[in-house]
Amino acid sequence: MINVIDSNRNILGEGLYIYEEKIYWVDITNKKLFISDLKNTCEYNLPEQAGTVLDVLGNKIFLASESGICVFDISSFSWLVKCNIPSNLRSFDERANDGVKVGENKYLFGTMKKENQKLNGALWVTNGNDSIKIHENIGIPNSFIKLSDYTYLISDSLLKLIYKFEFEPSFLKVKSQEIWLDLSSESCTPDGGCIHDGFIYFAMWDGSCINKYDLLGRLISKIKLPIKRPTNCKLYNYDSLIVTSAKEESVESGKLFHIELQTLCQN
């Protein structure tokens, strides 16, 4: 069963994070943060475009944003830049897109151009109060799915390639990078995703579905969706997925969905 759990039509709903049965996500384009408990949704205005929610500590929401890693306090509405992207490396036409917490006060995230994307994006890791660039020549960094302590699937949605990155334990250096799945010949694009029970789930932009893969990158099945552009999916209560989406011609597009995993349809 597929249910709409929030009817806000986000222009670019993204950045899902699940914590204590609450759902956190952003509308990147509209600079908004949303928090839902499946019944009610709270909406907050942000001072800049945030790409993803990375962590929640009480009233403090940690986000990857234009300035780096930022903290928004939902009680005081205050905004703090915690880990700066150095000003000499930051551009007004760039923003964070996706990322993940990899340790205590340590975050791995990607940046990209807001428009006219080429291979001008990058991967960053926080080190103290700074953000350190550790990888270049990526277009639209997405997914950041943890396979092991230092190994992550990171997709480049511009190239339609999903890479397996292995990092040094400090995350300050890429140890290896290899193509895990090549979807460059497909009409749809891998966006955000998650791992559950040894399977990888990817929201497929322009594909109207969530794809389920095994750890070798073999397509197992699909969840068909009533929208063209799902953007991210995260596990909820071990038996369902929450899915964000982007606004397009479909009347359901841009909304937040709850999907029971037994609705998977075999390919």
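Reader: How much accessible surface does the chain have, and what share of it belongs to carbon and sulfur atoms?

Author: A surface like this can be split by atom type. In this predicted model, the accessible surface comes to about 11,700 Å², and carbon and sulfur atoms hold 46% of it.

Reader: And how many residues count as buried?

Author: Buried means under 20% relative accessible area. Here that covers 55% of the 267 residues.

Reader: What does the radius of gyration say about the chain?

Author: You compare it with what a compact globule of 267 residues would have, near 18 Å. This chain has 17 Å, so it agrees with a compact globule. Along its principal axes, the C-alpha trace spans about 50 × 45 × 35 Å.

Reader: Which elements is the chain made with, helices or strands?

Author: Count both kinds: there are 25 strands and zero helices. As for contacts with a separation of 6 or more, 41% come from residues 24 or more positions apart.

Reader: How many charged side chains are there, positive and negative?

Author: You'll find 29 positive and 34 negative ones, with the centres of the two sets 2 Å apart.

Reader: Let's zoom in on one residue. Where is S157, and is it buried or exposed?

Author: S157 sits in the loop between β15 (151-156) and β16 (161-167). Its relative accessible area is 9%, so S157 is buried.

Reader: What does S157 touch, leaving out residues up to four places away in sequence?

Author: Its partners are I140, N142, T189, P190 and D191. With P190 there's a polar detail too: a polar atom of the S157 side chain lies 2.6 Å from the backbone oxygen of P190.

Definitions and conventions
Residues numbered from 1 in each chain as written. Predicted model: local features only at pLDDT ≥ 70, side-chain atom pairs only at ≥ 80, totals over all residues. Heavy atoms only, no water. Helix = DSSP H or I, 4+ residues; strand = E, 2+ residues; numbered from the N terminus. Rg over C-alpha atoms; globule rule 2.2 N^0.38 Å. Buried < 20%, exposed > 50% of the residue type's maximum accessible area, 1.4 Å probe, protein only. Contact = heavy atoms within 4.5 Å. Areas by Shrake-Rupley, 256 points an atom, 1.4 Å probe, with all protein chains shown as cover. Lys, Arg positive; Asp, Glu negative; His and termini not counted. Charge placed at Lys NZ, Arg CZ, Asp CG, Glu CD. Polar contact = N/O pair within 3.5 Å; in protein donor to acceptor, adjacent residues only side chain to side chain.
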